[in-house]
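Subject: Structure handover

Hello,

Here is the structure I said I would pass on. Please open it first, then read my notes below.

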Amino acid sequence: MSSILVWGKTREIVAGALPPGISTEEVSTFSELKAELRAKRSILVLADASHLEAERDAVAAWIKSGESRLSLLVGVAPMEEADELVRRHPYLDDVMVRPVTAMRLRLRLDRALDGLNSRRVIQQLDAALARKSQDLHELNNIGVALSAQRDINKLLELILAKCRAITASDAGTLYLVVRGKDQAAQTGDRLKFVLAQNESVPVSFEERTVPLDETSIAGYAALSGQIVNVADAYQLPPGTPYTISRTWDQRSGYRTKSMLVVPMRDHQDTVIGVVQLINKKRDARTVLRPVALVEEAVIPFTSVDEELVSSLASQAAVAFENTRLIQDIRNLFDSFVRASVTAIESRDPTTSGHSDRVATLTVALAEKVDALDAPPFRDVSFTRDQLQEIRYASLLHDFGKVGVREKVLIKGKKLYVGELLLLRQRFSYIKRTLEAEHLRAKLDQVTAGQASPELLLQMDRAHEKGLEEIEQILRMVLQANEPTILEEESFRALMDLPNRTYTDGEGNRQPFLSMDEVSALSIRKGSLSEKERREIESHVTHTYRFLSQIPWTGEFRRVPEIAYAHHEKMDGTGYPRKLAATEIPVQSRMMTISDIFDALVAWDRPYKKSVPVERALDILRDEARGGKLDLQLLDVFVDAKVYERTLPRAGAPAELAR
Ligand SMILES: [Fe+2]
Ligand SMILES: [Fe+2]
């Protein structure tokens, strides 16, 4: 029986008897009307014009709130007031003229039913549309999150978590396809179990693989490329090729019921993995404990779930492939950098490990600076990629040394090894010449019959003196060859040597030292001539040219620039560009500190003795106070004991320390 709610007096509104099968209820106030509707949901409400007028604003607000949407509200007024009622209450579904006859009431009620049905259908469509757009929105958000994740393990976790969330699944497992040796034949392919999540019981995870065949549900989905939707894992339809093991359930006290297993396809439509979702819940928040709750709380996966998860799984597959590719490229690049470092260090084995240590120190310093919250480094921060950028720049900072001639690179004394050998041989030839001349003179005296014992003794003494003088000159030359500071006295003696001559095998007079040898030996400090020093310094430019050839991806684009400035000084006296402090990137300033520190404490460079750590730090402090190094960065380097990162640990063999 249909019931009509009357707001007012039925006998004043309805004429005569009610149509058969229809009854009315009466309410007199607006709050009674609302309460009645909430309790019973009458389809048709007939409201007396005077009641409507009395509560005009409240009724308008009520309609607007949508609370009345399951009923039709019809105003009732005498003929002469009907138009005015429409004007005053435009939200009314209809207006009827009083008194309403049984026939009109019947018709009105039928139409109201039709109207409400249409209204309900529209509402359902609206809700479905809203759900779809919500799903789409959610999928979009997930897609963005997936493509932003660069860490493979976190990405896999995200994929599984999102698939579970969007389907209200209690548990899930993720498998990846591991290709066998013969990729074309697909023999030997396996499924690797990489991740498991379960909201109701703890899962202990062990990475393992199973054969990729139809005996498991995941294998079946991967091989067939089909979505598998199972309402109850314990009641598989007859003829199902796969079985579902209950071992895990029995061991962990779980009950696997509904399952949705979806293959993950990459951009080439190849199945690269499988998402296996378990136990869709009516309410995502339910925890399936005790296990008996499964029967009541778990429902089968729907076709909408299939659609959502398959869309999500293919997005996930593409994100996974991208991330894997990026990681492959990074690994490849890392190996290339390692190989380059080996190439530099094999040119000059005594600096072995230098690049690695400079990288360790510079990255450690950058991490400390990044963590500082106080000025002046409050605004200096480095992302993971930026730290990696610093690492690459540090590892490759001296790569340009491959462009410096090896003999210059490893030159430890003022003369090259070959030059010194030649010089020594020349001096021994000079001594031999003197001896030959001396013996010839003695023979001449004997032949002439003038060789008294006194004369011969005198001649021997003079000869010995001559030899001693040559020895002295050689000692002075060898002393001058050392890369220490050259005394003024030795310098003058050296300048004299081109004037001293001996007779060579062809009877020509030759100088003791050539002008080139004199100029090499008269280097006032160190072992390098001006030209050689410039050649060594050119390694920075070579490094920059080499690094600029590499198409660094966005996050590493500053590697060449950072390495280019590693010999610049804060006061503009560095090389090769004599940059001002503000032009030197902070990364390069940190690298300069690490580079100098390592060069100072490095164990066995042929041309330099290593200095103790405390002394090295003092030298760095002097340099910083003299305006050459960034004092604030040096403070962090010292205070945070960054320099200890590459020092030998007690008991470590010296070899490791270098
Ligand atoms: Fe350098
Ligand atoms: Fe260096």
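Start with Ala168. It counts as partly exposed, with 19 C-beta neighbours inside 10 Å. The cut-offs are these: a residue is buried if 20 or more other C-beta atoms lie within 10 Å of its own, exposed if 12 or fewer, and partly exposed in between, with C-beta atoms placed from the backbone. Ala168 is not a glycine, yet its phi is positive, about 55°. It lies in the loop between helix 7 and strand 6 (169–178). Helices (H or I, at least four residues) and strands (E, at least two) are DSSP runs, numbered from the N terminus.

Some ground rules. This is a predicted model, in which local features need pLDDT of at least 70 and side-chain atom pairs count only at pLDDT 80 or more, while totals for chains, interfaces and linings use all residues. Residues are numbered from 1 along each chain as its sequence is written, and chains are lettered from A and ligands numbered from 1 in the order in which they are written.

**Confidence**

pLDDT is the predictor's confidence in each residue, from 0 to 100. The chain averages 89. At least 70 is reached by 96% of the residues. Among the elements, helix 20 (residues 559–564) has the highest mean pLDDT, 97. Helix 24 (residues 654–657) has the lowest, 40. Over residues 651–658 the pLDDT stays under 50. For that stretch the model has 10 contacts beyond four places in sequence. Two residues are in contact if their C-beta atoms, placed from the backbone, lie within 7 Å.

**Domains**

The domain bounds come from an automatic or database domain assignment. It gives domain 1 (2–123), domain 2 (160–315), domain 3 (348–407 + 532–657) and domain 4 (417–527). How far apart are the centres of domain 2 and domain 4? Taken over C-alpha atoms, they are separated by 92 Å.

**Helices**

Back to helix 7 (residues 152–167). It packs with helix 11 (residues 303–347) at an angle of about 175°, with the axes 10 Å apart. That makes helix 7 roughly antiparallel to helix 11. On the helix 7 side, the contact is made by residues including Ile152, Leu155, Ile159 and Cys163. On the helix 11 side, Leu308, Val309, Leu312 and Phe320 are among them. Axes are lines fitted to C-alpha atoms, for helices over the stretch in contact, and angles run from 0 to 180 degrees between N-to-C directions. Angles under 35 degrees count as roughly parallel, over 145 as roughly antiparallel, 65 to 115 as roughly perpendicular and the rest as oblique.

Helix 21 (residues 586–601) is largely enclosed by the rest of the structure, because 13 of its 16 residues are buried. Its end C-alpha atoms are 23 Å apart, which agrees with the 22 Å it should span at 1.5 Å a residue. The expected span is 1.5 Å times one less than the number of residues. Helix 22 (residues 613–625) has 13 residues and reaches 18 Å from its first C-alpha to its last, close to the 18 Å expected. Gly627 follows helix 22 and has a positive phi, near 85°.

**Backbone details**

Two prolines deserve a look. The peptide bond from Arg98 to Pro99 is cis, with omega near -5°. Pro99 sits in the loop between strand 5 (94–97) and helix 6 (102–148). Arg289 and Pro290 are also joined by a cis peptide bond, with omega about -5°. Pro290 is in the loop between strand 11 (271–281) and helix 10 (293–297).

Asn279 is found in strand 11. It is not a glycine, but its phi is positive, about 60°. Asn279 counts as buried, with 28 C-beta neighbours inside 10 Å.

**Individual residues**

Is Leu72 buried or exposed? It is buried, with 22 C-beta neighbours inside 10 Å. Leu72 lies in strand 4 (residues 72–77). Leaving aside neighbours within four places in sequence, its contacts include Ile43, Val45, Ala112 and Gly115. Leu72 and Gly115 are 43 residues apart along the chain, and their C-alpha atoms are separated by 8.4 Å.

Ala222 lies in helix 8 (residues 217–224). It is buried, with 25 other C-beta atoms within 10 Å. Beyond four places in sequence, Ala222 is in contact with residues including Val177, Leu191 and Pro263.

Best wishes
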